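Please read it alongside the sequence and structure shown here.

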Amino acid sequence: MSAYLARRLAYAVLTFFGITIVTFTLIHSVPGDPVTFYIGKSGTHGVPPAVIQAIRHEYHLDESLVAQYGWWLRGIFTLDFGPSVIDHRPAMDRILEKLPNTFALNFIAFAFAALAGIPIGLWSASRSGHLFERGSSVVFFLLYSLPSFWVALLLMQFFAVRHAWLPLFGMTSDDYLLMTTAGRIADRIKHMVLPSLALTYAQLAFYARFTKSALTEVIHQDFITTARAKGVSGPAVLWRHAFRNALLPLVTLLGLTIPYLLSGSVIIETMFQWDGVGNLYLQSLLSRDYPTVLALTVVTAVVTLFASVLSDVLYAIADPRVRVEGKR
Amino acid sequence: MKLQESGSWRDIWRRFRRSAIAMIALVYVVVVAFIALFAPLIANTKPLIMRTASGLQFPSAGDFFGEKEGIEQLPQGDVVLRAPIPHSPNEVDVAHRLNAPEHEHHFGTDDLGRDVLARLVHGARVSLTVALLAAVIALLVGSFFGAIAGFYGGWVDWVVSRLIEIVLCFPFLFLVLGIVALFRPSVYTIVIALGVTTWTDAARYVRGEIMRIRELDFAQAARASGARDARIIFRHLLPNAMAPALVSANFSVATAILTESALSFLGIGVPLPAPTWGGILSVAELHIEYAWWLALYPGIAIFTTVAAFNVVGDRFREALDPRG
């Protein structure tokens with residue numbers, strides 16, 4: 001186990017440096033002067049040379065590439081990505097204060113999708129080939145192809161515009177501060193329903209398919225055939241022999257899901273004006289606030305890396321074969 | 001020994017054909033591709049055929065390779081045949097802004113009075129161009145890395161695996177949006193951004209397939225006859241590993257259509273005034289109170305096209321590996 005753990009962690013460290021190199025390359029392959037990165041403009045027109053020189057010095061752009069990469073690494077390790085172009089507060093602070101909002105939304109979407117998707121996947125694998133199951137798997141496959149922003153648009157149109165059952169966007173109502181505690185909680189929940197619904201459905205289809213293929217793979221293995229040959233009844237084979245093994249790969253779901261959820265957050269948070277990191281990312285891109293953009297790119301990649309290492313380790317604990325085979 | 005049992009392209013096609021859903025999806029893909037290819041002849045203000053003093057003329061055919069800037073003089077003469085949708089995608093008509101679907105505009109008009117159906121037809125052109133180019137880049141890059149990783153194994157395989165791991169660490173949309181915005185949104189930057197982020201699937205498919213076939217007799221024979229590595233990989237192995245890579249290409253096209261429309265929806269996509277499905281939806285968001293037709297039709301266009309590519313890819317994969 002410790003050998004596997006050591007190898008996995010060593011890979012993770014390498015991948016981390018890969019992430020820093022990719023982001024560093026991204027900064028330096030952008031057309032034009034990297035100075036424009038830090039003044040929030042598309043060019044250096046109209047900016048006094050003295051100011052440019054000062055910025056160049058402040059961000060170490062007057063040093064060699066290797067030295068600049070060193071400064072970039074140092075910034076990442078100390079979580080110091082420089083001040084935001086918008087309000088001159090540290091980019092990292094702005095991210096940290098929005099992270100809980102994104103987490104709340106994604107956690108609900110993750111929980112809903114897992115609670116509904118996994119049982120559906122198990123069910124459809126156990127009835128594989130039946131007419132009704134084939135029909136439902138097509139439906140789930142089609143769900144996968146629905147653009148999330150279109151679904152969000154239709155949800156807004158139906159629930160918020162036509163029927164005014166739920167708020168159209170935002171995280172709280174205008175009169176939030178005047179509400180009682182119970183009223184505030186209800187208000188927050190109401191604002192969460194549509195965005196979390198829009199984030200959930202695609203995940204749901206993904207989990208159902210993932211679970212189904214995991215169980216199908218187990219069903220085709222020799223020990224299931226052996227159990228059947230020994231005369232174990234159909235349902236007992238499924239419940240006692242197959243399900244337990246099929247649940248193993250599900251621990252990797254967390255690692256697989258986080259990047260998808262974060263990607264979805266950019267669209268859904270922007271549409272619902274949800275004050276999270278996805279929304280922040282798009283607004284920073286549009287206003288050329290590159291310190292925030294770079295900070296978010298690195299932070300989300302590292303979070304994804306962490307989740308994938310965690311789920312690999314959990315998988316290795318749950319399934320000893322992984323450690324021996326050295327999967328991945 | 002998958003391919004040996006399942007046999008040739010003909011066998012794959014025979015199994016694929018058995019699925020009614022797969023055939024419907026394939027026909028739909030062909031129809032959308034046809035619409036995309038012939039968009040200037042389907043939706044155009046200029047007539048298809050005109051009879052003039054100097055004989056027959058075909059004014060809309062000139063738009064086939066991109067519409068010309070500015071106002072164009074139509075030749076003098078009688079219109080013989082109008083385009084099926086007699087509106088160009090960028091024909092502004094402020095007198096008919098946000099008109100609900102009616103006889104003149106079957107799918108209604110947008111906030112500048114442009115015909116939604118015409119924009120959808122031409123939007124298919126933009127979407128499919130971006131998606132196909134992105135899929136080709138993903139396929140080329142992915143096949144290359146997958147092939148050398150599968151053929152050499154060892155440290156080459158290790159390096160490619162780390163590379164894939166690094167790419168997959170970035171949330172997909174973050175990376176695509178970042179690249180597109182940093183390098184200025186255009187068809188090319190979107191294609192490149194999608195290509196460099198989605199090649200990993202093709203690489204994994206090709207790697208597995210090459211590993212499986214590299215020790216088979218025909219590969220041994222090529223090696224025995226003294227062929228160089230590059231020749232064995234690209235002439236002998238890769239063509240035989242193409243089938244699974246094409247499965248992943250179908251999925252990349254689907255992902256690319258979804259992503260391109262998301263980018264256009266967010267305003268960092270193909271620049272205006274190019275008609276895009278996502279672009280129409282972003283106008284729909286502004287007029288969500290009443291302009292339902294702006295939200296409905298482009299959404300259906302994206303959904304059905306993406307679904308068709310996904311279904312074709314999925315059934316193609318099943319046809320390759322009947323046991324799976």
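Is the crossing of α5(B) and α13(B) left-handed or right-handed? The crossing of α5(B) and α13(B) is right-handed; a crossing counts as left-handed if the near helix is turned anticlockwise from the far one by less than a right angle, and as right-handed if clockwise. This is a predicted model, in which local features need pLDDT of at least 70 and side-chain atom pairs count only at pLDDT 80 or more, while totals for chains, interfaces and linings use all residues. Residues are numbered from 1 along each chain as its sequence is written, chains are lettered from A and ligands numbered from 1 in the order in which they are written, and side-chain values use heavy atoms, with hydrogens and water left out.

**Chain A overall**

- Chain A has 14 helices and zero strands; helices (H or I, at least four residues) and strands (E, at least two) are DSSP runs, numbered from the N terminus.
- Taken along the principal axes, the C-alpha atoms of chain A fill a box of roughly 85 × 55 × 35 Å.

**Helix α5 with helix α13, chain B**

- Helix α5 (residues 116–152) of chain B packs against helix α13 (residues 292–320) of chain B at an angle of about 30 degrees, and their axes are 11 Å apart. Axes are lines fitted to C-alpha atoms, for helices over the stretch in contact, and angles run from 0 to 180 degrees between N-to-C directions.
- On the α5(B) side the contact (heavy atoms within 4.5 Å) is made by B:V116, B:L120 and B:L128. The residues from α13(B) are B:W293, B:L294, B:Y297, B:P298, B:A301, B:T305 and B:F309.
- By class, this contact has nine nonpolar, one polar and no charged residues. Ala, Val, Leu, Ile, Met, Phe, Trp, Tyr, Cys and Pro count as nonpolar, Asp, Glu, Lys and Arg as charged, and the others, Gly among them, as polar.

**Helix α5 with helix α13, chain A**

- Helix α5 (residues 91–126) of chain A and helix α13 (residues 290–318) of chain A have axes that come within 9 Å and cross at roughly 55 degrees. That angle makes α5(A) oblique to α13(A); angles under 35 degrees count as roughly parallel, over 145 as roughly antiparallel, 65 to 115 as roughly perpendicular and the rest as oblique.
- The crossing of α5(A) and α13(A) is right-handed.
- A:A91, A:M92, A:R94 and A:I95 of α5(A) meet A:P291, A:T292, A:A295, A:L296 and A:V299 of α13(A). Seven of these residues are nonpolar, one is polar and one is charged.

**Helix α6 with helix α8, chain B**

- The axes of α6(B) and helix α8 (residues 187–213) of chain B cross at roughly 150 degrees and come within 9 Å, which makes the two helices roughly antiparallel.
- α6(B) passes α8(B) in a left-handed crossing.

**Interface of chain A and chain B**

- In chain A, 49 residues are in contact with 46 residues of chain B.
- The two chains bury about 4300 Å² between them, 75% of it on carbon and sulfur atoms. Buried area is the accessible area (1.4 Å probe) that two parts lose on being put together, summed over both.

**Salt bridges**

- Two salt bridges are found across the interface of chain A and chain B, where a salt bridge is a side-chain nitrogen of Lys or Arg within 4 Å of a carboxyl oxygen of Asp or Glu.
- B:E165 forms a salt bridge with A:R8, the closest N and O atoms being 3.2 Å apart.
- B:E165 also forms a salt bridge with B:R162, with the closest N and O atoms 3.5 Å apart. B:R162 and B:E165 are separated by about one helical turn because they are three residues apart in helix α6 (residues 154–169) of chain B.
- Over all chains the count comes to 13 salt bridges.
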